[in-house]
Amino acid sequence: MAKNNDDKKMTVEEAGRKGGEATSKNHDREFYQEIGRKGGEATSENHDKEFYQEIGRKGGEATSENHDKEFYQEIGRKGGEATSENHDKEFYQEIGEKGGEARSKQRNND
């Protein structure tokens, strides 16, 4: 186990935090983006669609257990604001048409 400045043994958490702090001082945003991209590529090569569905399901369950209705209202509001800042009238017309077509098809199948 590593030792801290007082010659006491460090916990794994302390060592990890110190290592993370040292790494962040030596690397920029692009470094972290690159290792994230490489990790994502490696993961996608080793896992199938079901893997991602399962981790998504588990993440959704954990989130719903830890957050209330207000949390979802707030993230929905923020998402709506961000979307409206990044898209114009034509975007909303297009998604409205697609939604209308989907509903029409669903009604015809029922």
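Reply: Let us begin with arginine 37, which has a relative accessible area of 38% and is therefore partly exposed, a class that lies between buried, under 20% relative accessible area, and exposed, over 50%, as judged with a 1.4 Å probe on protein chains only. This is a predicted model, in which local features need pLDDT of at least 70 and side-chain atom pairs count only at pLDDT 80 or more, while totals for chains, interfaces and linings use all residues. Residues are numbered from 1 along each chain as its sequence is written, and side-chain values use heavy atoms, with hydrogens and water left out.

Arginine 37 is joined to glutamate 41 by a salt bridge whose closest N and O atoms are 2.5 Å apart; the term stands for a side-chain nitrogen of Lys or Arg within 4 Å of a carboxyl oxygen of Asp or Glu. Both residues belong to helix α2, which covers residues 29–46, and because they are four residues apart there, about one helical turn separates them. Glutamate 41, with 37% relative accessibility, counts as partly exposed.

Glutamate 54 is partly exposed at 32% relative accessible area, and arginine 57 is partly exposed at 39%. Arginine 57 also meets the side chain of glutamate 61 in a salt bridge, at 2.6 Å from N to O, and here the two residues of helix α3 are four residues apart, about one turn of the helix. Glutamate 61 is partly exposed as well, with a relative accessible area of 37%. A search of the whole structure finds eleven salt bridges.

The charges can also be considered over the whole protein chain, which has 20 positive and 26 negative side chains, where Lys and Arg count as positive and Asp and Glu as negative, with His and the chain ends not counted. The centres of these two sets lie 3 Å apart.

Now for the aromatic rings, of which the structure holds four pairs. Phenylalanine 31 and tyrosine 32 have ring centres 5.1 Å apart and planes at 80 degrees, so the pair is edge-to-face; rings of Phe, Tyr and Trp (its six-membered ring) pair if their centres lie within 6.5 Å, and planes under 30 degrees apart count as stacked, over 60 as edge-to-face and the rest as tilted. Phenylalanine 31 is partly exposed at 28%, and tyrosine 32 is partly exposed at 35%. The rings of phenylalanine 91 and tyrosine 92 likewise form an edge-to-face pair, with centres 5.1 Å apart and planes at 85 degrees. Phenylalanine 91 counts as partly exposed at 26% relative accessibility, and tyrosine 92 is partly exposed at 36%.

Another phenylalanine, at position 71, is found in helix α4, residues 69–86, and is partly exposed at 27%. Its C-alpha atom is separated by 31 Å from that of glutamine 106, which is 35 residues away along the chain.

The protein chain has five helices and zero strands, where helices (H or I, at least four residues) and strands (E, at least two) are DSSP runs numbered from the N terminus. Its radius of gyration is 23 Å, whereas a compact globule of 110 residues would have one near 13 Å; the radius is taken over C-alpha atoms, and the globule rule is 2.2 Å times the number of residues to the power 0.38. The C-alpha atoms fill a box of roughly 75 × 35 × 35 Å along the principal axes, and 2% of the 110 residues count as buried.

Terms used: The place of a charge is taken as NZ of Lys, CZ of Arg, CG of Asp or CD of Glu.
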